[in-house]
Amino acid sequence: MLRKWMVFGLSAGILIAFAGAGFGLTDDESELEKVMEKVNKANNAIKKGVRTPVAFKKMHKDIAKRSKELVKLAKESKPIKDAVGRAKDVANPQKKWDEMMDDFIAKSEMLEGTANKSEPDYDDTKKAFSALSKTCSDCHKVFRVEDEKF
Ligand code: HEC
């Protein structure tokens, strides 16, 4: 009797494991989307913080931290090539991807540098953030064809 239950338990466990694996395979969120969601979270926090000098005063420490995170995420996303094949009207999408990612990395590093000064300046940080935001929309225009909200 005990044995039967053990066999049942085991096969149920295997079934659940299979179902779990199947779920993983049909999960339609790409690796890049996962990183982009984190990028977006950090980006939104910074956006809030540079809205006004008052907000900046309150949030500049968080902005400094988030900008570091963005540099890391930008570097993480460059080698994820999911989207390269989806580019429209681009002669050499791989080259374009690398260029745009390098720009994204460079602009987030500039923001990181500005935001992590001992006394970060509001205008400088806001400018660095605008430059960074442009790299998001530039790349989305080319590689994120279905949706251009950002
Ligand atoms: C070099 C290219 C590139 C840059 C730079 C870039 N993105 Fe993206 N982003 C993409 C691509 C490609 C997708 C679509 C991913 C997919 O659908 O697989 C995407 C998707 C997204 C999404 C949707 C994620 C989801 O769950 O569907 C958000 C939000 C986003 N990006 C925010 C940003 C923000 C904010 C920045 C700048 C701080 C940024 N991205 C910079 C290429 C880029």
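Author: What follows is a set of questions on a predicted model, each answered from a value and a cut-off.

Reader: What makes up the secondary structure of the protein chain?

Author: The protein chain has five helices and zero strands. Along the sequence, the pattern reads α-α-α-α-α.

Reader: Why is the contact between Asp 62 and Lys 65 called a salt bridge?

Author: The criterion asks for a side-chain nitrogen of Lys or Arg within 4 Å of a carboxyl oxygen of Asp or Glu. For Asp 62 and Lys 65 the N to O distance is 4.0 Å, and the pair is therefore called a salt bridge. Asp 62 and Lys 65 also belong to a network of salt bridges that includes Arg 66. By the same rule, the count comes to ten salt bridges.

Reader: Why are Asp 62 and Lys 65 said to be separated by about one helical turn?

Author: Both lie in helix 3 (residues 53-77), and because they are three residues apart there, the separation is about one helical turn.

Reader: Is Lys 65 buried or exposed, and how do you know?

Author: Exposed means over 50% relative accessible area. Lys 65 has 52% relative accessibility, so Lys 65 counts as exposed. Asp 62, at 25%, is partly exposed, because its value lies between the 20% and 50% limits.

Reader: What makes the pair of Glu 109 and Lys 75 a link between distant parts of the chain?

Author: The closest N and O atoms of this salt bridge are 3.2 Å apart. Glu 109 is in helix 4 (residues 93-115) and Lys 75 is in helix 3, 34 residues apart. Glu 109 is partly exposed at 35% relative accessibility, and Lys 75 is partly exposed at 45%.

Reader: Where do Lys 141 and Asp 138 lie, and how are they classed?

Author: Both are in helix 5 (residues 122-143), three residues apart. Lys 141 counts as exposed at 53% relative accessibility, whereas Asp 138 is partly exposed at 22%.

Reader: Which residues form the negative surface patch?

Author: The patch is formed by Asp 28, Glu 31, Glu 33, Glu 37 and Asp 82. Patch residues need over 30% relative accessible area and no salt bridge.

Definitions and conventions
Residues numbered from 1 in each chain as written. Predicted model: local features only at pLDDT ≥ 70, side-chain atom pairs only at ≥ 80, totals over all residues. Heavy atoms only, no water. Patch = residues over 30% accessible without salt bridge, like charges linked within 9 Å, V, L, I, M, F, W, Y side chains within 5 Å. Areas by Shrake-Rupley, 256 points an atom, 1.4 Å probe, with all protein chains shown as cover. Lys, Arg positive; Asp, Glu negative; His and termini not counted. Charge placed at Lys NZ, Arg CZ, Asp CG, Glu CD. Helix = DSSP H or I, 4+ residues; strand = E, 2+ residues; numbered from the N terminus. Buried < 20%, exposed > 50% of the residue type's maximum accessible area, 1.4 Å probe, protein only.
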